[in-house]
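Please read them alongside the coordinates.

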Amino acid sequence: MNFGCTSWSAMGARAVFLVGFMASGKSCVGLELARRLRWDFIDLDARIEARERQSIPEIFRGSGEVGFRVAETAALHELIQSLERDSVVALGGGAFAQDKNRELLQPWPSVFLQAPVDELWRRSSDDKEIRPLRKDREQFARLHAERLPFYRQATLIVETLGKEAAAICVEIEVALQLDEAKTGSALDSSRSSETGGSQ
């Protein structure tokens with residue numbers, strides 16, 4: 001299958017969506033990939049918080065998971081409709097498990113950052129982020145197993161265990177032919193410098 005990045009666009013912009021379970025590295029890899037491509041980085045959870053004027057834990061406490069998922073889908077729809085710049089987008093852990101969200105993302109490449117559940121539990125134990133759906137080890141593994149079949153529907157699956165963010169980005173760039181996007185960005189930057197940039 002040809003994953004040429006130039007075929008993915010809306011309003012002239014390209015985008016790659018990173019999916020995966022909590023603590024899979026979506027933000028870390030997303031920031032690095034955006035830096036390498038000279039694209040924007042967007043965290044969907046941050047967009048939800050700005051839109052709802054509440055933190056994710058507050059939304060869960062006030063509206064439950066059902067209310068959060070409604071807000072999540074609305075924020076994703078708005079993001080896709082308003083996308084004007086090439087962007088790497090990190091989705092929340094449960095976003096890609098929702099049918100409506102996967103339908104919205106069908107025209108775009110999605111990348112599943114895969115890691116063993118034991119590694120994900122360790123990573124999530126080490127960080128300080130408040131995760132409303134992270135409870136005990138058994139519940140964590142059960143939720144991971146429930147979502148795994150949906151993650152595997154992504155355009156690309158990349159194993160992350162034991163890899164640095166830069167190496168993961170290289171795999172994504174090669175598989176999705178984003179090295180062409182990097183070359184194009186470099187040429188655009190060079191031309192802008194030569195002409196003094198846009199006014």
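1. Arg53, which comes directly after helix H2, has a positive phi, near 55°. Helix H2 itself covers residues 44–52 and lies across S2 and S3, running at about 65° to S2; axes here are lines fitted to C-alpha atoms, for helices over the stretch in contact, and angles run from 0 to 180 degrees between N-to-C directions. At its N-terminal end H2 is capped by Asp43, a side-chain oxygen of which lies 2.9 Å from the backbone nitrogen of Asp45. Helices (H or I, at least four residues) and strands (E, at least two) are DSSP runs, numbered from the N terminus.

2. A word on the basis of these points: this is a predicted model, in which local features need pLDDT of at least 70 and side-chain atom pairs count only at pLDDT 80 or more, while totals for chains, interfaces and linings use all residues. Residues are numbered from 1 along each chain as its sequence is written, and side-chain values use heavy atoms, with hydrogens and water left out.

3. On the overall architecture, the chain contains eight helices and five strands, and along the sequence these follow the pattern β-α-β-α-α-β-α-β-α-α-β-α-α. Of the 199 residues in the chain, 45% are buried, where buried means under 20% relative accessible area, exposed over 50%, and partly exposed in between (1.4 Å probe, protein chains only). The chain exposes about 10400 Å², and carbon and sulfur atoms supply 50% of that area, as computed by the Shrake-Rupley method with a 1.4 Å probe. Among contacts in the chain with a separation of 6 or more, 77% come from residues 24 or more positions apart, a contact being heavy atoms within 4.5 Å.

4. The five strands form an open sheet in the order S2-S3-S1-S4-S5, and the pairing is parallel; two strands pair if DSSP finds at least two bridges between them. The edge strands, each of which pairs on one side only, are S2 (40–43) and S5 (156–159). Neighbouring strands of this sheet are turned by 25° against each other on average, direction ignored.

5. Strand S3 (residues 87–90) pairs in the parallel sense with S1 (residues 15–19) over four bridges, and it pairs with S2, again in the parallel sense, over four bridges.

6. A search of the whole structure finds 14 salt bridges, a salt bridge being a side-chain nitrogen of Lys or Arg within 4 Å of a carboxyl oxygen of Asp or Glu. In one of them the side chains of Arg36 and Glu173 meet at 2.6 Å, N to O. Because Arg36 lies in helix H1 (residues 26–37) and Glu173 in helix H7 (residues 165–175), this pair ties together parts that are 137 residues apart in sequence. Glu173 is buried, with a relative accessible area of 4%.

7. Two further salt bridges each lie within a single helix. Glu65 and Arg69 meet at 3.1 Å, N to O, and both lie in helix H3 (residues 56–82), four residues apart, about one turn of the helix. Glu65 is partly exposed at 34% relative accessibility, whereas Arg69 is buried at 10%. An α-helix has 3.6 residues a turn, so residues three or four places apart point the same way. In helix H5 (residues 117–126), Arg122 and Glu119 are three residues apart, about one turn of the helix, and their side chains meet at 2.7 Å, N to O. Here Arg122 is partly exposed, with a relative accessible area of 42%, and Glu119 is buried, at 16%. Elsewhere, salt bridges that share partners join Arg51, Glu52 and Glu78 into one network.

8. Where does Arg102 lie, and which residues does Arg102 touch? Arg102 lies in helix H4 (residues 99–104) and counts as buried, at 14% relative accessibility. Not counting residues up to four places away in sequence, Arg102 touches Phe96, Ala97, Phe150 and Gln153.

Note on methods
A polar contact is a pair of N or O atoms within 3.5 Å; within protein, one must be able to donate a hydrogen and the other to accept it, and residues adjacent in sequence count only if both atoms are side-chain atoms.
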